[in-house]
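Welcome, and thanks for taking a look at this one with me. Please have the structure open as you read.

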Amino acid sequence: SMEHDVSLRFRQQLLLVDENLVAEDVAALKFLCADMLPFRKLESVKSAVDIFQLLMAKEYLNEENTFLLAELLYRIKCHSLLKKLGYTKEKVQECLHEKGRVSPYRQMLYELSENITSEMLKDIVFLLQSHLPKRQMTLSALELLLLLEKQGLLTENNVQMLEEVCMNVSPDLLEMVNCYKRAKVCNIPSFNVLRSDYKHTGKKSPISIYLSTGKQVLGSTKLRLSSRCKGIQHFMGSIPPCFLSMFQKTYYKLNKFMEAVSFFLSFLQKMASYKMDGPHRGFCLIINNVNFGTSLQERKGSCKDAEELERVFTWLGLDVRIYQDQTSWQIKELLQTWQDLPDHKDRDCFICCILSHGESGAIYGKDEELISIRTIMSHFTAKQCPQLAEKPKLFFIQACQGKAIQCPVYVEADAQIPALSPMQQNVSPSESIPEEADFLLGMATIDGYVSFRHIQQGTWYIQALCSKVQLLVPRGEDILSILTEVNEDVGRRVDHWGTKKQMPQPAYTLRRKLIFPIPRDPPPS
């Protein structure tokens with residue numbers, strides 16, 4: 001029957017999702033479901049299918065309503081699995097405010113666990129020693145939080161112990177807990193204040209001030225409430241004295257409410273962004289190859305790019321190191337040295353800029369030997385460089401990726417689009433990125449094409465990148481928004497004769513927004 005087919009298809013979808021989840025994902029799902037399913041039943045869970053069956057038994061999940069599972073996959077950042085349920089990341093985000101079931105408390109704990117490093121975990125376990133079983137096995141951050149909840153030491157309305165522990169371990173963790181506490185102030189029930197009659201003009205006039213804490217407050221309602229707040233002081237002169245004190249109390253509550261909303265928004269921003277407020281921003285390597293052997297020409301103007309990159313990334317707080325004219329072997333040795341550097345542990349991010357000649361998916365060393373971009377980036381995976389695990393790693397490559405030249409297309413209505421020539425044995429930027437999270441690769445040009453460099457002013461791409469970073473970081477823009485603007489800038493440029501164009505191409509596996517803190521000093525240029 002049709003019903004049977006739908007049910008079978010639904011269970012097949014669940015099996016497909018289960019097959020693509022690893023043990024850490026299952027542990028995260030268990031944790032996020034802790035408010036919906038009993039601890040006792042969750043303890044016996046061995047696979048994602050076990051969780052799905054428990055959710056179906058409680059009627060949280062069925063063939064007609066798969067949103068909870070979509071939300072859970074979204075929360076644990078398994079965005080590629082959403083399409084198996086017919087969702088996209090954007091569709092889930094749209095529906096969360098109406099259909100979301102994971103509480104802010106549970107979200108806060110999960111995000112907290114995601115930001116607890118192994119060193120922090122050791123410190124937390126040490127501080128909580130008296131509350132933990134004496135013969136307890138090694139705990140993960142999620143297991144530790146669940147244990148505290150089981151003992152009643154951590155609840156939605158009591159995070160004091162968590163606060164005290166974070167105070168001793170990390171100010172960033174403490175801020176996450178404090179943001180959650182401040183956000184809870186938003187949960188004031190809707191209420192009406194001051195509905196009365198009074199004689200002022202001889203007529204009965206109701207005064208009504210209505211305050212609502214609906215979900216819209218995070219959108220346009222916030223702005224409307226803010227504008228009303230500004231008008232209240234002007235309005236207070238017309239209020240009869242008998243109501244003035246009551247109105248002042250309401251105004252005070254309204255101000256407190258708006259303050260809570262502001263804190264909540266900053267909390268959401270922090271949850272959705274990489275941590276970029278540590279004592280050291282990170283290292284920035286600039287490999288600038290100008291002179292080569294006999295086959296490749298001198299890259300005149302490249303030193304202008306290197307100088308501009310140094311100025312901009314120093315302004316952003318990075319420790320910049322420049323290496324000139326490196327052979328392919330020296331580049332590999334250099335990357336190995338930086339891969340093994342223990343100082344990454346106290347840094348927020350890592351940036352590597354390479355200015356050279358190149359081919360599809362590779363750059364040339366000074367010795368005119370190719371080194372693949374994937375090889376370069378793979379030095380900094382979580383396995384090879386654990387100090388940079390879960391931190392953003394940015395690579396900007398200024399090099400040709402082939403020999404083809406992009407020609408400008410002059411737009412004409414109903415123009416016939418010319419056929420594209422086939423490209424063979426090319427490596428796209430997405431293939432160059434390691435298959436794990438937290439990488440960004442900014443390429444000066446799309447695969448198979450050349451990029452352009454002015455012999456005095458530097459390259460189109462690097463100059464646009466530096467210009468847009470200086471313009472948009474002070475506005476709080478994230479790196480992907482900045483790179484979109486870089487594309488717009490470079491895409492508008494043509495050479496002196498109007499015959500050559502260029503289009504950069506970013507590829508990324510970033511899990512969160514990357515927003516550089518706004519520097520105190522003005523932009524360098």
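This is a predicted model: local features need pLDDT of at least 70, side-chain atom pairs count only at pLDDT 80 or more; totals for chains, interfaces and linings use all residues.

1. How many cavities of 30 Å³ or more does the structure hold? There are two, and the largest cavity has about 60 Å³ of space.

2. To find the largest cavity, look for its lining: I116, L121, I124, L128, A141, L144, L145, L148, M161, L162 and V165. Two or more of the lining residues come from each of α8 (118-127), α9 (141-150) and α10 (160-169). The largest share belongs to α9, which gives four residues.

3. What kind of residues line the largest cavity: nonpolar, polar or charged? The lining has 11 nonpolar residues, with no polar and no charged ones.

4. Now follow α10, where M161, L162, E163, V165, C166 and V169 are buried. The buried residues of α10 pack against α7 (104-115), α8, α9 and α11 (171-183).

5. Finally, the cysteines. The structure holds zero disulfides. C284 is in no disulfide, and the nearest cysteine sulfur, that of C353, is 4.3 Å away; a disulfide would need the two sulfur atoms within 2.5 Å.

6. Are C33 and C284 buried or exposed? C33 is buried, as its relative accessible area is 0%. C284 also counts as buried, because its relative accessibility is 0% and the cut-off for buried is under 20%.

Technical notes:
Residues are numbered from 1 along each chain as its sequence is written. Side-chain values use heavy atoms; hydrogens and water are left out. On a 1 Å grid over the protein atoms alone, a cavity is a set of points where a 1.4 Å probe fits but cannot get out, and a pocket is an open set with protein on both sides within 12 Å along at least five of seven lines; lining residues have an atom within 4 Å of a point. Grid points are joined across faces, edges and corners, and a volume is the space filled by probe spheres set on the points. Ala, Val, Leu, Ile, Met, Phe, Trp, Tyr, Cys and Pro count as nonpolar, Asp, Glu, Lys and Arg as charged, and the others, Gly among them, as polar. Buried means under 20% relative accessible area, exposed over 50%, partly exposed in between (1.4 Å probe, protein chains only). Contact means heavy atoms within 4.5 Å.
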